[in-house]
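The following note reviews aromatic contacts and salt bridges. Please read the numbered points alongside the sequence and the model.

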Amino acid sequence: DSKNPLTRDEMERGLVFDGFLAFACAIRVDTPDVVKALLASSHTVMMATGDATLTGLHVANEVGIARGGLEGALMLVLSHDGTVGRADQSDTTAADTKSADTTNSPVNPKLKWVSAKTDLGTEAPMLEIPYVCDGKSIVNLSKQYSLCVTGETLNAALAEDRDGGLWDFLDSVVIFARMSPDDKERVLKRLKQQGRHTFMCGDGANDVGALKQVRISQLPHSAD
């Protein structure tokens with residue numbers, strides 16, 4: 001009855017569990033070769049997706065956009081408790097300690113980088129690094145890790161950063177996850193303002209705004 005729709009609790013009442021149904025969307029077989037060729041020709045390859053960060057990271061590793069799996073990725077997250085976690089000394093290398101050095105640097109207490117890999121027992125990130133809104137820190141981290149942000153953390157950085165923040169070094173980011181159409185458009189517009197020549201392959205109406213900001217755009221003929 002459209003006038004008196006059932007609630008979710010009412011619809012899911014009295015059901016018998018039969019099992020899980022898993023869906024897989026395989027990548028095109030030639031995608032890794034295309035990405036490899038782009039990287040070899042000094043292009044920067046990034047992913048912008050509405051999916052979750054770990055979903056994007058998995059696909060990015062499959063096609064060669066990211067490297068190192070979970071261990072090789074850092075995700076920018078909001079520190080909702082208002083504190084920035086310290087790096088776990090038991091899992092921190094000398095290079096990590098150097099990256100986390102925030103002496104005389106503008107630290108944003110609302111944001112932090114965390115490892116995509118978590119401890120099996122506590123589910124806590126294996127590594128946490130304070131977010132420092134200067135170009136040197138962001139670029140140095142991008143040389144060691146595949147950096148991942150979400151639309152939420154990207155906009156949080158925009159609201160808090162001054163000169164030299166994340167928005168000045170978007171090409172250091174590998175994965176833009178949980179991105180709205182407006183988020184994608186803002187990223188491409190910012191890259192254009194920085195003098196970047198951009199190419200984008202979009203697969204839906206939600207990419208139209210971003211596609212208008214690039215020099216070359218492509219819509220695939222099919223989803224396979």
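1. W113 and Y131 are both buried, buried being under 20% relative accessible area, exposed over 50% and partly exposed in between, with a 1.4 Å probe and protein chains only. The model is a predicted one, in which local features need pLDDT of at least 70 and side-chain atom pairs count only at pLDDT 80 or more, while totals for chains, interfaces and linings use all residues. Residues are numbered from 1 along each chain as its sequence is written, and side-chain values use heavy atoms, with hydrogens and water left out.

2. Two aromatic pairs are found when the whole structure is searched. In F17 and F20 the ring centres are 5.3 Å apart and the planes stand at 70°, so this pair is edge-to-face. The criterion is that rings of Phe, Tyr and Trp (its six-membered ring) pair if their centres lie within 6.5 Å; planes under 30 degrees apart count as stacked, over 60 as edge-to-face and the rest as tilted. F17 is exposed because its relative accessibility is 61%. F20 has a relative accessible area of 80% and is therefore exposed as well.

3. The aromatic pair of W113 and Y131 is tilted, with 6.2 Å from centre to centre and 55° between the planes. This pair links distant parts of the chain, 18 residues apart: W113 belongs to strand β3 (residues 107–115) and Y131 to strand β4 (residues 128–132). Helices (H or I, at least four residues) and strands (E, at least two) are DSSP runs numbered from the N terminus. To repeat the point made at the outset, W113 and Y131 are buried.

4. How many salt bridges does a search of the whole structure find? There are seven, a salt bridge being a side-chain nitrogen of Lys or Arg within 4 Å of a carboxyl oxygen of Asp or Glu. One of them joins the side chains of E12 and R8, at 2.9 Å from N to O. E12 has a relative accessible area of 44% and so is partly exposed, whereas R8, at 63%, is exposed.

5. A salt bridge also forms between R28 and D30, whose closest N and O atoms are 3.2 Å apart. R28 is partly exposed because its relative accessible area is 44%. D30 has 32% relative accessibility and therefore counts as partly exposed.

6. K117 and E71 form a salt bridge in which the closest N and O atoms are 3.8 Å apart. This pair links distant parts of the chain, 46 residues apart: K117 lies in the loop between β3 and β4, and E71 in the loop between α3 (53–63) and β2 (73–78). With 31% relative accessibility, K117 counts as partly exposed.
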